[in-house]
Amino acid sequence: MEKLNLSSSPHIRGKKTVSGIMLDVIVALIPAAAASVIIFGYRAALVICICISTAILSEFFFQKITKSKILVNDLSACVTGLLLALNLPVSIPLWQAALGSLFAVVVVKGMFGGIGKNFANPAITARIMMLIAFTGTMTAYVTPFTDTLTSSATPLAILGSDTSALPPLKDMLLGIRAGSMGETCAVALIIGGVYLIFRGVISYVTPVSYIGTVFILSLIYGGGEFALYQVLSGGLLLGAFFMATDYATTPTRPLGKLIFGLGCGIITAAIRFYGSNPEGVSYAILLMNIITPYIDKWTRPTPIGGSKK
Amino acid sequence: MAFLRMPGIKVPHRKHTAAMAPIRIPAPEEVCIPLSMHIGAPAVPTVKINDKVKVGQVIAQAGNGLSVPVHASVSGTVKRFEEMNTASNKTVTAVVIQSDGLMELSEDIAVPDVTDLESFVDAVKQAGIVGLGGAAFPTWVKLNIKDASKVEEIVLNGAECEPYITSDTRTFFDRGDELVYGVETLIKYYSPKKVIIAIENNKQEAIKTARKLFAGNDKVFVQVLPSVYPQGGEKVLIYSATKKIVPEGKLPIDVGVIAINVTTVAAIARYLKTGQPLTEKCVTVDGSAVKEPKNLIVPIGTRIRDVIENAGGYKCDPAKIIMGGPMMGHTMPDENHPVMKGTNAIIALDGRDGAVPEETPCINCGSCIQRCPLRLDPPGFGKAYEMKNPEELEKLKVNLCMECGVCAYVCPAKRHLVQRNRLAKNMLREYKAKEGKNGKA
């Protein structure tokens, strides 16, 4: 008889794997990615490819250089690259997109210990870094269905000034508006988000509390139509479904997720209504990322039967 | 009481052997009977090498306190005393008996004289009975309740939530008379308000059988529980059946409950009716490397090798042999380990099922935290353990972990969470012991 395997129980394991979860996220992002190519043209596909390949390569080489275990197969770098791409304007210079992707994977994720150990969302932090470093190109938005890179104001910027120039709600739902590549098509994002909830990859609590908070605050601030535009504008749907639900950087328990969503909603609304930036989703999520360890600590329940002392 | 959920998980059932009546195997050539097959002090041997023994004869007396006697399970000659490592990695002495193949019953076997609670508890002790669901806690200690009026409910554990295992289910089918007698005896000495027979809903035949067995008894209720692992864990079962929570550091009796495994009750009944102590065990033999999965009744002390042989041997080279179920059982380094009192299954897995998954970093998905039946924090244990921080472990209540395996089962990163929980529990135990010595506690 061959040598028998010795191991701690349990000796059967569930079917879920890390790469399976990441694959689900990629599948859920396909509608938004496809929409970005349809709306903004082939260049969107190019940006996506650059971001994903840079993310994967930089993760591989970072793990090689630091002599850590090669974990590129878990597909998490692919998710980071794809998410970052969808957060960029289609006109972004390719070298900037690549640099952002490298920053996300190496600085924000790898240097903090790799998958699961980073405290801030890599794609979001990279986007903020790029907003500061490349303000011009990062805010140069493109009118949908045009080949020329003509700058166009996003609905959020318009909401802050002359509301008569707003695109119709139908266009907001379909994503025919200026904005980052992957954030505009609400229908595609909702399909992806519902898929992730249905697959049990994310909990409905975070997106519902986040989007709900923004909607209610906007309703109070500017009425029904304003609130609808607020929900469909900017990166709210992309952020609420795909970034505020990141495992490593957001709370683990339902109550924590509720607090996280509420906090994100309040910060987003505050920045949008009162800040000098038209958009606040990235900052809101990053700020809430920072207090996530505390939320996790506050929401830790008493074990069943555990004495309180 | 706050709203509580006992989340748990769905595990594959794989109860292939539920319909197979157990077969009593012929006496093996030799048996190896450990003197500590229970939690507590080892039994003290009363036989010498070359002594002739018969089935049911005491070969070791109960040690002090938490202990039970041990009986010969075959007739034959005491060959030697052997030091061995048990499944739970304790070094114990075992008595090796060479069988004469006759299975002659000992003359000492006599129906015990049970007249009151005290003599009943003593009989359970003399029968050498321990918790047969796997925990192997001396049953007489559990039943040794000075004030029987404290007992409100007796919960019979027939949940059998581990995959593969059907030996408790078989008790309903094959030992119905003993089960009824055992329950009636318990009612007689403890007069509980009710007796709850808890069975998971994936065992419809067992539920039907139990209902038929106790049709005439208005104190006995068959309660159907969802088949959610770990439904048969003592605290989980008590909560599911009575909605009572056993607090940390307390026993079920502190909330008025006795929880006892169905096969244990049948074993008590057998001793009361016939005087036969616990010398054999129904064991489910299954797994992808076993040629003919079946239930076998084997003398306690039968080595794995002999048990598997009676199930047709191996289909292919086994990669892993497990004593107990796949969720909580222990892996064996070889086939020498004997069946003990608490053994209810031997599972042999092929290369695919028996592979040990490679561990990857925690992605903080929270699956373990959301599924832990006791709402514990396995990643928190791991971090505190790696930081060598027993104070944090105490705060996180690692001591409550029952090692059910749910956290590791659901982990997508295939982390060895139970292993780390065990190490963390040990660290806390050592820290407490040291603290106690320094007089700080």
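Biologist: What is the order of the four strands in the open sheet of chain B, and how are they paired?

Modeller: The order is 2-8-7-4, and the pairing is antiparallel. A strand here is a DSSP run of E with at least two residues, numbered from the N terminus. This is a predicted model, where local features need pLDDT of at least 70 and side-chain atom pairs count only at pLDDT 80 or more, while totals for chains, interfaces and linings use all residues. Residues are numbered from 1 along each chain as its sequence is written, chains are lettered from A and ligands numbered from 1 in the order in which they are written, and side-chain values use heavy atoms, leaving out hydrogens and water.

Biologist: Which are the edge strands of this sheet, and what makes them so?

Modeller: Strand 2 (30-34) and strand 4 (52-53) of chain B are the edges, since each pairs on one side only. Strands pair if DSSP finds at least two bridges between them. Strand 2 of chain B meets that rule with strand 8 (residues 91-99) of chain B, because five bridges join these antiparallel strands. Within that pair, B:Val31 stands opposite B:Ile97.

Biologist: How do you know that strand 3 and strand 5 of chain B pair?

Modeller: Strand 3 and strand 5 (residues 58-61) share two bridges in the antiparallel sense, so they just reach the cut-off of at least two. Here B:Pro45 stands opposite B:Ala60. They belong to an open sheet of three strands, with order 3-5-6. Strand 3 (44-45) and strand 6 (70-71) each have a single partner, so one side of each has no neighbour in the sheet.

Biologist: Where does helix 1 of chain A bend, and what follows?

Modeller: The bend is about 35 degrees at A:Ile30, and the proline A:Pro31 follows within four residues. That angle lies between axes fitted to the seven residues ending at a residue and the seven starting there. Just after the helix, A:Gly41 has a positive phi of about 90 degrees.

Biologist: What makes B:Lys244 and B:Glu152 a salt bridge?

Modeller: The term requires a side-chain nitrogen of Lys or Arg within 4 Å of a carboxyl oxygen of Asp or Glu. The closest N and O atoms of B:Lys244 and B:Glu152 are 2.6 Å apart, so the pair qualifies. Both residues lie in loops of chain B, and the pair therefore ties together parts that are 92 residues apart in sequence.

Biologist: What makes B:Asp51 and B:Lys48 a salt bridge?

Modeller: Their N to O distance is 3.9 Å, so the pair falls within the 4 Å limit. B:Lys48 is exposed at 57%, while B:Asp51 is partly exposed at 22%.

Technical notes
Buried < 20%, exposed > 50% of the residue type's maximum accessible area, 1.4 Å probe, protein only.
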